[in-house]
Amino acid sequence: MMTSQSGLFDVAVIGGGVVGCAVARRFALDGARVLLLERASDILSGASKANSALLHTGFDAPPGSLELACMQAGYREYCEIRERMNLPLLETGAMVVAWSEADLARLDSIEAQARANGVDDVRLMEPAEVLAREPHLATSLRGALLVPGEHVIDPWSAPLAYLKQAVAHGAEVLCNAEVLSGRLDAGLWTLETPRGAVRARIVINCAGLFGDEVETRLLGRSDFIIMPRKGQFVVFDKAASALLTTILLPVPNERTKGVVLARTIFGNVLVGPTAEEQLDRTRADVRQEALRDLVAKAVAMVPGLADMPVTAIYAGLRPATEKKEYRVSAKPELRWITIGGIRSTGLTAALGIARHAASLHAGFDDAGFRPVNDPVWPHMPNLAEHGRRDWQADGHGEIVCHCELVTRREIEQALEGPLAAGDVGGLKRRTRAGMGRCQGFYCQARIAALTEGKFAEPLAVEKADD
Amino acid sequence: MTEPFETDVAIVGGGPAGIAAALALRHRGVARVTVLERESEAGGVPRHCGHPPFGLREFGRILSGPAYAARLRLEAVRAGVEIRTRTSVTALGPSGRLALTTPDGTAALAAGRVILATGVREMPRSARLITGDRPVGVLSTGTLQHAIYIERQKPFRRPLIVGTELVSLSAVLTCWKAGIRPVAVVEAASRPTARWPMALFPRLLGIPMHYGAELVDIRGRSRVEAATLRLADGTTRDVDCDGILLTGRFVPESALVRLSHLDVDMGSGGPSIDQFGRCSDPAYFAAGNLLRPVETAGWSFREGKRIGGIVADDLDGRLAPAERTIQIARGEGLKLAVPQRIALPSAEPSLGWIQLRAATGGTGVLSIRDGSAILWEKRLSILPERRILVPLAALLKAGERTDTVEIRFTSDKAG
């Protein structure tokens, strides 16, 4: 990922999460020269690497909030552009399931909020109807609110596609480029990174878990404090997808937000997240007791899951702040836009947030680039289980990852170009290699060989002696 | 899409069980026997076990794993078995219709009979729900051996080894040979799972052994940096290491079965079979470690050979369809029982036994029951993960009048 570092950019986006990728795309399409700076060895390495991969309608978002507006704008734009980018959509719908009298009593107000938020196709369901739709659910359920518009998407191909489109329109991406310091001088920002200094007319802080640190480092103070919230997840074997189609959302209560049980776009079933406040911004460890608890909660909802093996476990940190709302603001005099506190709806809202950022920029005195007339639409490799995969096409070379049927051609393509995978996590997100039930038992040694010399942290440490 | 093709018997998996079944079929004169192997060469797990002893009973000599795998391939070629490598089965359809993918594209195969012989793998970190970070460097023995013996790369230099099964010994040997120096071996039980060499061997090499100890945390930002152990006395200890090697805890590689129309047995994790190795769809049979974790290559070979012979009988019309079945219920104290049902009328050859594994070890009574009536019992001392065989005859004699028998192990301690 080389960049013309001596050059001058219109916009420097700090942070290559889903929000940064969407913002880079928006400004590139609007005609700006964009540079995206990512501290890790690959994009999507922070909060965006671990989420529940849902496309939300915003039915339960705070009425009148920026979050709701961005979610709904993001939802619409995703649906508009996804076919051109070959991005998948699994139209599952969701049910907010009441498991107790107390839950049931709350469904009416959730329905009213959904309608107030413009999500009009929701409706209450009796237990018999819920069980007719999802026959494997525990029969103890008391009712549900159906939200047909909630869907499942690919949480990594989408942001990668956004950034690919940005790159197709001249954006540059610099990984291993944490912003260490910076200064604004005569309307021009100079940002110091381990990969050298870069200059830009505007900085957009999309640094997620480090959003407040970036503000403090560059502006001297931050209007918000990141309070990382850890979420752990368990992914069940693909055979589990025979047990559930509709996303199961919990009825939120005062004490806990509860966990989601949902299909993944890759054909599995996931349960999570936990919500654990912590100070550490980098450590997202999984804990056996929490994972066991998630499995137990999943089994309580869908008893058949008791017989399903666990395929994967993961954890992520959400960039919550001391307040519930998004922390988005513009400081024209500092040539700075802050996009902070996008704690859990970022995947849905990203495209809407990007539009909002562009509208904030319209208030800057030098606003106005020349928008791209005829955008390039990158065609993403399909990783969704329900779509056509590369192994179904001729000439794929060979199957490297047997569990996820990842081909050699897919792996080679993920290691090429300006957005090549920078570490094994990035390769997994781009191809699914090693993400299946054996978790690399069969393919990891082969992938180590195929990726030799390509990753910051190689899979193999050295050659073996004979 | 390549041309659809047909074969008499398709064998999914070219390891010891699959090749042995293919040899048996060819020796019985079955014309078209096709082994479908997803790797670039057949041979299975022994391909990357770079140490003896393999092959003593099959080939009358002691071979290393790779030499044994080569011998399997040679025998197959000599016997006229067709081996299709880089061929992955993507779906099992009713009546022996298989969907495949090859480097040339997808294909369909119609087989008269299918023998599933996809083997076992070790349980990964995720399914073990192990606490900690998720850095590079956490892997299983199979991956280590593939890295060392096939790709010629070391995945770490100073790993912590978890487990003391027979494969753990193989892991220690592989490490030592490659110049990898394990920092310790951890075992949750108070004694090694495998027999004597495991107790002695690491100690001889100066590797600390911790029994009654558990891995309770893994730390490392990008690569493993340290692990925390909880020792038998309840104290915790941090160990510097650059990898975690999770050995054993084998599970059948039954992905295809789980996603198919065939019945899966939750105890073994493999397909549910009768004493002929026949699955719930009588066009499908299964053999080898797919049936249960875990036996040696030699055992899998003999089992494959036997199932191959039974399938040849079936093709000749000499295997009677099941008129009635006796279900075998896995009672208390037992982790698995294979086969899961007995088809009547029975005949020989069959698998000849019911294979069991106990949930925990101990001394006690193994019994076969029909309701409250005890049909057969035996006093014995057993250890976890060790094979227990009950002769089929014991059950057949007893089970003439019943549809379900229960096998249970009542430990003396449980009272």
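Reader: Is the crossing of H5(B) past H6(B) left-handed or right-handed?

Author: This is a predicted model. In it, helix H5 (residues 141-151) of chain B and helix H6 (residues 166-178) of chain B have axes that come within 10 Å. The crossing of H5(B) past H6(B) is left-handed.

Reader: Are H5(B) and H6(B) roughly parallel or roughly perpendicular?

Author: The two axes cross at roughly 30°. Angles under 35 degrees count as roughly parallel. Therefore H5(B) and H6(B) are roughly parallel.

Reader: How many residues of the contact of H5(B) with H6(B) are charged?

Author: H5(B) brings Thr141(B), Leu144(B), Gln145(B), Ile148(B) and Tyr149(B). Its partners in H6(B) include Val167(B), Ser170(B) and Lys177(B). By class there are 7 nonpolar and 4 polar residues, and the charged count is 1.

Reader: In chain A, is H1(A) oblique or roughly parallel to H8(A)?

Author: Helix H1 (residues 18-29) and helix H8 (residues 346-361) of chain A have axes 8 Å apart. They pack at an angle of about 45°. Because of that angle, H1(A) is to H8(A) oblique.

Reader: Which handedness has the crossing of H1(A) past H8(A)?

Author: On the H1(A) side, the residues that meet H8(A) include Val18(A), Ala22(A) and Phe27(A). On the H8(A) side, Leu347(A), Ala350(A) and His361(A) are among them. The contact divides into 12 nonpolar, 2 polar and 3 charged residues. The crossing is right-handed.

Reader: How do H2(A) and H8(A) stand to each other, roughly perpendicular or roughly parallel?

Author: The axes of helix H2 (residues 66-81) of chain A and H8(A) come within 6 Å. They cross at roughly 105°. The range 65 to 115 degrees counts as roughly perpendicular. So the relation of H2(A) to H8(A) is roughly perpendicular.

Reader: How many nonpolar residues are in the contact of H2(A) with H8(A)?

Author: H2(A) contributes residues including Leu66(A), Met71(A) and Tyr78(A). H8(A) contributes Thr348(A), Leu351(A) and Arg355(A), among others. The contact has 4 polar and 2 charged residues, and its nonpolar count is 10.

Reader: Which three residues of chain A supply 15% of the area that chain A buries against chain B?

Author: In the interface, 54 residues of chain A are in contact with 55 residues of chain B. The chains bury about 4700 Å² between them, with 52% of it on carbon and sulfur atoms. The trio that gives more than any other three residues is Phe441(A), Tyr442(A) and Val461(A).

Reader: Which residue stands opposite Gln355(B) in S25(B)?

Author: S20-S22-S25 of chain B is an open sheet with antiparallel pairing. Its edge strands are S20 (334-338) and S25 (388-391). S22 (residues 353-358) is joined to S25(B) by 4 bridges. Opposite Gln355(B) stands Leu389(B).

Reader: What is omega of the peptide bond that joins Val338(B) and Pro339(B)?

Author: Pro339(B) lies in the loop between S20 and strand S21 (341-344) of chain B. The bond is cis, with omega about -5°.

Reader: And what is omega of the bond that joins Pro293(B) and Val294(B)?

Author: Val294(B) sits in the loop between strand S18 (284-286) and helix H9 (297-315) of chain B. This peptide bond is cis, with omega about -20°.

Reader: What value is phi of Ala53(A) near?

Author: Ala53(A) is placed in the loop between strand S2 (34-37) and strand S3 (54-55) of chain A. Its phi is positive in a residue other than glycine, near 60°.

How values were computed:
Residues are numbered from 1 along each chain as its sequence is written. Chains are lettered from A and ligands numbered from 1 in the order in which they are written. This is a predicted model: local features need pLDDT of at least 70, side-chain atom pairs count only at pLDDT 80 or more; totals for chains, interfaces and linings use all residues. Side-chain values use heavy atoms; hydrogens and water are left out. Axes are lines fitted to C-alpha atoms, for helices over the stretch in contact, and angles run from 0 to 180 degrees between N-to-C directions. Helices (H or I, at least four residues) and strands (E, at least two) are DSSP runs, numbered from the N terminus. Angles under 35 degrees count as roughly parallel, over 145 as roughly antiparallel, 65 to 115 as roughly perpendicular and the rest as oblique. A crossing is left-handed if the near helix is turned anticlockwise from the far one by less than a right angle, and right-handed if clockwise. Contact means heavy atoms within 4.5 Å. Ala, Val, Leu, Ile, Met, Phe, Trp, Tyr, Cys and Pro count as nonpolar, Asp, Glu, Lys and Arg as charged, and the others, Gly among them, as polar. Buried area is the accessible area (1.4 Å probe) that two parts lose on being put together, summed over both. Two strands pair if DSSP finds at least two bridges between them.
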